[in-house]
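The sequence and structure come first.

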Amino acid sequence: MARNTFYNEILTDHNLHPAHKHDLPDANMELEGVNPSCGDDIILKLKVEDGTVVDGAFVGDGCAISQASADMMLDLIIGKSVDEAKRLSDIFLRMIKGHITDEEKEELEEASVLEDISHMPARVKCAVLGWHTMDEMLGEDYEKPED
């Protein structure tokens, strides 16, 4: 019961007071992510310099889970290298499938509260929307933006 309360508090806080839900005019990377099954729609904006995510934000609309998950993701990746951001995304996506170690889970910090989403199949796409959008943006075709 305590874990469920903790989950609800973190989710509610990130949904009602997202630190990263705003425009980012100096972003040098931008990509829209859409979940057609429920209508969640975000535009992820990153400022990447010298292989490091120096700032990030998102705009758009969606359910509490998609919005909070995107906000938690940005909390985690800002200040990290692109490779580290991709590694953290891999850990998050494996967590949703139930395939991570306790040590990896700790690396996800607050985002680890979304672990139990795996038991709510209809909500998985909501939780992973921001992460998949970032992965697509920073994927194998990633080219360092021009500064």
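## His-99

The side chain of His-99 reaches the backbone oxygen of Lys-97 at 3.3 Å. This is a polar contact, that is, a pair of N or O atoms within 3.5 Å; within protein, one must be able to donate a hydrogen and the other to accept it, and residues adjacent in sequence count only if both atoms are side-chain atoms. His-99 lies in the loop between H3 and helix H4 (102–107); helices (H or I, at least four residues) and strands (E, at least two) are DSSP runs, numbered from the N terminus. His-99 is exposed, at a relative accessible area of 52%. Buried means under 20% relative accessible area, exposed over 50%, and partly exposed in between (1.4 Å probe, protein chains only). Leaving out residues up to four places away in sequence, His-99 touches Arg-94 and Glu-104, where contact means heavy atoms within 4.5 Å.

## Basis of the model

The model is predicted: local features need pLDDT of at least 70, side-chain atom pairs count only at pLDDT 80 or more, and totals for chains, interfaces and linings use all residues. Residues are numbered from 1 along each chain as its sequence is written, and side-chain values use heavy atoms, with hydrogens and water left out.

## His-20

The loop between helix H1 (2–16) and strand S1 (29–35) holds His-20. His-20 is buried, because its relative accessible area is 12%. Its side chain makes a polar contact of 2.6 Å with the side chain of Asp-75. Asp-75 is also one of the residues in contact with His-20 when neighbours within four places in sequence are set aside; the others are Gly-56, Ala-57, Phe-58, Asp-71, Leu-74 and Ile-78.

## Gly-79

Gly-79 is in the loop between helix H2 (64–77) and helix H3 (82–96). With a relative accessible area of 55%, Gly-79 is exposed. Apart from residues up to four places away in sequence, Gly-79 touches Thr-52 and Val-53. Gly-56 is 23 residues from Gly-79 in sequence, and the two are 9.6 Å apart in space, C-alpha to C-alpha.

Two packed helices are described by the angle between their axes and the distance between the axes. Axes are lines fitted to C-alpha atoms, for helices over the stretch in contact, and angles run from 0 to 180 degrees between N-to-C directions.

H3 packs with helix H5 (residues 121–137) at an angle of about 160°, their axes 10 Å apart. H3 is therefore roughly antiparallel to H5, a term for angles over 145 degrees. The crossing of H3 past H5 is left-handed, meaning that the near helix is turned anticlockwise from the far one by less than a right angle; clockwise would be right-handed. On the H3 side the contact includes Leu-88 and Phe-92, and on the H5 side Val-128 and Trp-131.

H2 also packs with H5, at about 35° and with axes 8 Å apart. H2 passes H5 in a right-handed crossing. Ile-65, Ser-66, Ser-69, Met-73, Leu-76 and Ile-77 of H2 meet Arg-123, Cys-126, Ala-127, Gly-130, Trp-131 and Met-134 of H5.

## The chain as a whole

The chain has five helices and three strands, which follow the pattern α-β-β-β-α-α-α-α along the sequence. Of its 147 residues, 41% are buried. Among contacts between residues at least 6 apart in sequence, 61% join residues at least 24 apart.

Technical notes
Parallel < 35°, antiparallel > 145°, perpendicular 65-115°, else oblique.
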